[in-house]
Amino acid sequence: MPCKLLFFTIIAFSLHCKALGNAGNPNERIVHDKARHTISITVQNGNLQLLIDYSGGCYIKRLLVRNKNILSPAGIFTGIKKNNIVYTSKELSDSPVVSINNNVINISGIKYGAPSAGIQESWILRVEQEDIAWELKRSYPQGFEAEEMYYPKWNFTDLSVWKAGIIDNGGMVWCKYLKNVNDSYGVHTGGTTYWNDISGDGLSVQGVGLAGAQIASQYSHSPEGEFTCTQFVTNTTLRQRYHLNRFVSKKPNVFAPFNVEEGEVSARYTLKYIDYFKQYDRGDLKAINAAAVRELLNTTARYGVVDNNIVGGNGWLTNWKCLHEPFFAQIGIALADSNYIKNLSATLDQERDMAMLPDGRVLSRWHNVPGDEIPGTYDPTTGYYEAQWGYTIDSQTGYVINVSEQFNNTGDINWLKGHKKSCERALNWLLRRDENNNGIFEMINRNIAEKKASDWIDIVWAGYENAFVNAQMYAALQKWAECERVLGDDDSAEKYRQIALRLKNAFNKPIEEGGFWLEEKKQYIYWRDDDGTIHGNNLVTPVNFMAIAFEICDEPKRINNILEQIEKRTSAEKLFHWPLCFDSFKEEEVHSNNWPFPRYENGDIFPTWGYLGIKSYLKYDKQLALKYVSNLLHQYEQDGLSSQRYSRTTGKGLGSDILSGICTGITALYTDIYGIQPRWNRLVIKPGLSKELDGTKFSYPLRNNRYDILLYHNQYNISDGFHSVTSSSSFGISSIVDELKFFPGDQDTVFLSVKRQDKKNVSLNISQWNSDGITFIVKDADKYSLVLNGLQPSSNFNVFIGKAKQKMLSGQNGVLTIKALLKKNTVIKIVKA
């Protein structure tokens with residue numbers, strides 16, 4: 001090679017390395033080519049690069065994620081559409097002014113638009129080692145109506161660049177669902193984490209409006225085949241263009257035209273490359289496909305989030321949410337996403353304020369357009385209504401169960417206080433419906449002649465005394481009684497517990513005595529008409545699973561009889577999941593769309609209620625429960641669970657109304673197999689593991705803590721990064737700085753509080769905590785304060801610290817305090833004297 005050519009090759013390579021460098025010097029992350037009017041930015045060791053071109057306009061020409069450009073030729077630009085004319089930053093009236101000061105790039109004088117209403121922008125990019133913060137400021141000289149805004153518009157190459165994007169309201173946009181040109185989905189928020197599930201590359205774009213500005217995002221399939229994200233920053237919340245649609249097919253706009261106000265509006269976008277596989281790692285899940293768990297939870301489970309304040313179990317393609325579903329907070333447990341949790345709280349607030357009637361009736365559905373409602377019940381402003389198929393009473397129980405379980409996710413007592421009266425109204429509305437005073441609560445429809453439904457199975461004419469609803473009512477009463485206790489209303493707590501007990505006794509009576517148990521077939525029937533006629537003795541799985549999972553049925557013999565039948569018949573048909581019922585309803589009991597058997601709600605497979613099956617099977621056969629989790633994950637790998645249901649005969653997915661709730665079998669993997677049970681003041685772990693899951697290890701975030709969890713079928717360990725507890729039985733843990741609290745089982749009145757003199761971490765191994773005594777090992781040597789709460793007051797105890805024994809007296813408040821200098825691995829034993 002000639003020397004001159006070698007010299008220039010070395011220089012070019014040096015400049016390339018400088019552009020890709022990510023050292024502490026900001027000048028090595030920013031390269032300004034004044035001759036070409038470009039600015040290149042490189043961060044995160046070259047994993048994220050962008051090129052700004054201001055030669056004829058001003059736009060981001062290239063955005064490279066791990067050296068691959070992900071933008072179409074349109075790039076990323078700002079702009080607005082007014083009077084059907086598009087004005088963008090790619091065509092400017094004057095050249096912008098660029099200044100760079102250390103790691104801050106300021107591009108001002110970005111002017112475009114009609115001469116009478118010219119827009120001025122400035123872009124400020126703060127370049128750090130790990131991200132790029134892009135602040136946009138726009139000034140309007142006067143107000144006007146705009147049809148569309150690009151603040152900015154992100155134009156990705158095509159719909160294969162990313163699999164999907166996790167939205168900062170807990171939802172997601174799945175690129176494959178934008179299958180037609182101009183298919184568009186819009187939400188009232190600004191942050192998205194895009195990912196590619198093949199490469200593991202991800203791009204986080206977190207946008208927020210500044211100084212009170214509102215932000216919204218629209219994801220679309222462009223006529224050029226691009227995947228685009230158009231962002232809006234306005235002074236008021238955008239309205240929908242078509243009814244209440246968040247998704248529109250083959251139409252380019254979700255949001256209605258809006259008024260732009262004179263003055264300045266601004267927003268900030270933080271761009272960052274993410275290692276998706278690392279950031280969303282689900283841990284070492286023995287005998288479980290962790291990648292499938294990750295993908296299912298990040299797509300199907302999130303799809304039910306339609307928008308801010310609309311978290312459901314249907315999805316945004318059909319713009320639907322059913323309020324009569326009790327499992328949204330459980331989905332939140334599995335997702336472990338604070339954005340989803342926050343949005344669910346806001347959703348329940350909105351439903352309390354907009355979907356509850358003054359008498360306590362909870363409207364059953366939300367939809368974008370009228371047409372599915374009982375005449376006169378649809379509110380076009382809010383979208384809430386009563387379903388046309390009948391008054392589905394499980395919206396009462398669904399609301400109360402979701403509030404109760406959501407409180408455990410958040411630990412927010414003030415939020416719970418805001419739902420006290422509404423939950424009591426919802427329960428009392430149904431309590432007033434025990435017209436024959438037998439402890440079972442009646443529906444509005446009284447018999448099959450009315451051809452109306454009363455629960456989620458909405459075209460089966462279940463009514464009057466409905467076991468599906470009453471099983472949920474039992475769960476709602478039990479869960480809400482605990483909330484009343486936490487709120488200090490012991491009288492109400494006891495009242496609801498007693499009502500639940502009476503319901504349980506009535507429910508379990510044989511049908512001849514007014515209950516739901518059919519001894520002849522060893523199953524619970526579905527409903528009884530007002531004339532005493534029995535219906536639904538065709539082994540309806542949600543009814544029987546609810547009875548077991550909600551523990552209204554706790555007789556081992558009955559549980560085995562039910563589940564043996566279900567398992568035998570499921571295996572005989574080689575079904576991957578349980579059908580809604582095993583035998584046919586009678587023709588007069590169902591809508592014609594359910595005929596002939598097996599069809600739709602008369603025999604097809606609806607995995608939405610899968611969590612109840614997993615909960616139930618754990619009382620019967622843990623390995624079989626695990627089998628159905630694996631089956632569901634395998635089905636996700638085949639089709640993404642992008643269906644409403646599955647055919648009983650062919651096994652293929654059916655139904656255009658894709659149900660996000662189809663994920664609940666995987667939520668039960670976390671809540672019941674791994675036993676992750678958040679409580680308002682602690683994390684409880686109650687695993688139902690079989691041996692093949694031994695060694696399962698993962699991290700779990702809850703509120704302000706991240707817990708490392710290690711599970712074996714006979715031993716569980718939780719560490720919060722500071723303290724650690726090991727036990728062979730279920731327990732709860734909480735900590736505040738240097739204080740560790742251990743709660744045996746699932747309760748919070750009896751607990752052990754531990755502190756070290758040097759305020760270091762505490763490590764406990766609990767070997768016994770029962771009526772025979774308490775035994776545990778303290779790992780590290782130090783001076784400790786050990787406080788046992790909830791013991792029998794004013795009682796004598798023998799306390800063994802190692803081999804030393806002393807007699808101690810608990811206080812009148814049931815507290816026993818031990819202060820001692822302990823050696824390493826000291827065994828402490830406490831027994832009643």
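Glu551 follows helix H11 and has a positive phi, near 65°. The model is predicted. Helix H11 spans residues 541-549, and nine of its nine residues are buried, so the rest of the structure largely encloses it. The structure also holds 55 aromatic pairs.

**Helix H11**

- The buried residues of H11 are Thr541, Pro542, Val543, Asn544, Phe545, Met546, Ala547, Ile548 and Ala549.

**Helices H14 and H15**

- Helix H14 (residues 622-639) packs on helix H15 (residues 664-673) at an angle of about 145°. Their axes lie 9 Å apart.
- The crossing of H14 and H15 is left-handed.
- H14 brings Leu626, Val629, Leu632 and Leu633 to the contact. H15 brings Gly665, Ile666, Leu669 and Ile673.
- Seven of the residues in this contact are nonpolar, one is polar and none is charged.

- Strand S38 (residues 696-702) pairs with strand S39 (residues 705-712) in the antiparallel sense, over seven bridges.
- Pro701 has Arg706 in S39 as its bridge partner.
- S38 and S39 form a hairpin with two residues between them. In that turn, Arg703 has a positive phi of about 50°.
- S39 also runs antiparallel to strand S40 (residues 715-719), and five bridges join them.
- Asp708 has Ser719 in S40 as its bridge partner.
- A hairpin through two residues joins S39 to S40.

**Aromatic rings**

- The structure's aromatic pairs number 55. In one of them, the rings of Tyr194 and Phe227 have centres 6.0 Å apart and planes at 80°, so the pair is edge-to-face.
- That pair links distant parts of the chain, 33 residues apart. Tyr194 is in strand S17 (residues 191-195) and Phe227 in strand S20 (residues 227-234).
- Tyr194 counts as buried at 2% relative accessibility, and Phe227 counts as buried at 0%.
- Phe327 and Tyr611 also form an edge-to-face pair, with 5.9 Å centre to centre and 70° between the planes.
- This pair links parts of the chain 284 residues apart. Phe327 is in the loop between strand S26 (320-322) and helix H4 (328-335), while Tyr611 is in helix H13.
- Phe327 counts as buried at 1% relative accessibility. Tyr611 is buried too, with a relative accessible area of 1%.
- One aromatic cluster is formed by Phe156, Trp162, Trp174, Tyr177, Tyr185, Tyr194, Tyr219, Phe227, Phe247, Tyr303, Trp316 and Tyr636.

Notes
Residues numbered from 1 in each chain as written. Predicted model: local features only at pLDDT ≥ 70, side-chain atom pairs only at ≥ 80, totals over all residues. Heavy atoms only, no water. Pairing = 2+ DSSP bridges. Helix = DSSP H or I, 4+ residues; strand = E, 2+ residues; numbered from the N terminus. Axes fitted to C-alpha atoms, helices over the stretch in contact; angles between N-to-C directions. Left-handed = near helix turned anticlockwise from the far one by under 90°. Contact = heavy atoms within 4.5 Å. Nonpolar A, V, L, I, M, F, W, Y, C, P; charged D, E, K, R; others polar. Buried < 20%, exposed > 50% of the residue type's maximum accessible area, 1.4 Å probe, protein only. Phe/Tyr/Trp six-rings, centres within 6.5 Å; stacked < 30°, edge-to-face > 60°.
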